[in-house]
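Hi,

Here is the structure I said I would pass on to you. Have a look at it first, and then read on for what turned up in it.

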Amino acid sequence: MVDGGFIYYNIMTDFTDGFVCAPTAATNLCKYWYLRDPSKYGDLFLNCSWNDVFWEMYNNMETDEEGTDYHKIADGYRLFFYDRGLSCRAYLCYGTNNGIHVAEELDNNRPCHLSLHNHKRYRNHSVVALGYSQFTYSNGYCSTYIRIADGWINYPSRYVWGHCAGTWDYTVVIPD
């Protein structure tokens, strides 16, 4: 688990109904960085309101009633940070090598924005990756499970399996 990652996260219905998982995950990622170091990332808490952060991310990511094109997530983060007088490196990575690439980001003590595609439970959904567990079996086979804040419940107590049906992409967000 990344440092300080087990916190109370917002869920989608805290903000609105509909296909709003990407701006919700983005709000939660900003909340994580803000709580991790408020003296450095205090400006991420827009007007002292997570609702204001959500709607700014909603607009920056060009979310609409159909949801968010995951290709626009990184730009949304960069614009949000820039508008707050901060900067970040944010970029989309295609594929996760069954979760291993996400685990490598988490090993660097930074959560990432995970985009799930055609997942059995979540379908097309955005979450925040905060930790992981890996299991290596006697035959050498390795399984990676990513711990997430899924936007459905407030605490990151659910996992997604790296070998599940569907694919994943992820957006790395590195505040400068």
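Let's start with Arg-78, which counts as partly exposed because its relative accessibility is 32%. Keep in mind as you read that this is a predicted model. Arg-78 makes a salt bridge with Asp-75, and their closest N and O atoms are 2.1 Å apart. Both sit in helix α4 (residues 73-83), and being three residues apart there, they are separated by about one helical turn. Asp-75 is partly exposed too, with a relative accessible area of 45%.

That pair is one of the salt bridges, and the count for those comes to five. In general, side chains of opposite charge can pair when their charged atoms come close.

Another one joins Asp-176 to Arg-89, with 3.1 Å between the closest N and O atoms. This pair links distant parts of the chain: Arg-89 belongs to strand β1 (residues 88-94), while Asp-176 is in the segment after β6 (167-175), 87 residues apart. Asp-176 has 43% relative accessibility, so it counts as partly exposed, and Arg-89 is partly exposed at 46%.

Then there is Glu-105 with Arg-110, a salt bridge whose closest N and O atoms are 2.6 Å apart. Are these two buried or exposed? Glu-105 is buried, with a relative accessible area of 10%, and Arg-110 counts as buried at 18%. The cut-off for buried is under 20%.

Now the aromatic rings. Searching the whole structure gives 15 aromatic pairs. Take Tyr-34 and Trp-50: their ring centres are 5.7 Å apart and their planes stand at 70 degrees, so this pair is edge-to-face. Tyr-34 is in helix α1 (residues 21-36) and Trp-50 in helix α3 (residues 50-60), so the pair ties together parts that are 16 residues apart in sequence. Tyr-34 and Trp-50 are both buried.

Tyr-137 and Tyr-141 are arranged in another way: with centres 5.9 Å apart and planes at 25 degrees, the pair is stacked. Tyr-137 counts as partly exposed at 38% relative accessibility, and Tyr-141 counts as partly exposed at 36%.

There is also an aromatic cluster, formed by Phe-15, Phe-54, Trp-55 and Tyr-58.

Finally, which rings have a charged end sitting over them? Phe-80 has that of Arg-84, 4.9 Å from the ring centre. Tyr-122 has that of Arg-121, 5.8 Å from the ring centre.

Cheers

How values were computed. Residues are numbered from 1 along each chain as its sequence is written. This is a predicted model: local features need pLDDT of at least 70, side-chain atom pairs count only at pLDDT 80 or more; totals for chains, interfaces and linings use all residues. Side-chain values use heavy atoms; hydrogens and water are left out. Rings of Phe, Tyr and Trp (its six-membered ring) pair if their centres lie within 6.5 Å; planes under 30 degrees apart count as stacked, over 60 as edge-to-face and the rest as tilted. Helices (H or I, at least four residues) and strands (E, at least two) are DSSP runs, numbered from the N terminus. Buried means under 20% relative accessible area, exposed over 50%, partly exposed in between (1.4 Å probe, protein chains only). A charge sits over a ring if NZ of Lys or CZ of Arg is within 6 Å of the ring centre and within 35 degrees of the ring normal. A salt bridge is a side-chain nitrogen of Lys or Arg within 4 Å of a carboxyl oxygen of Asp or Glu.
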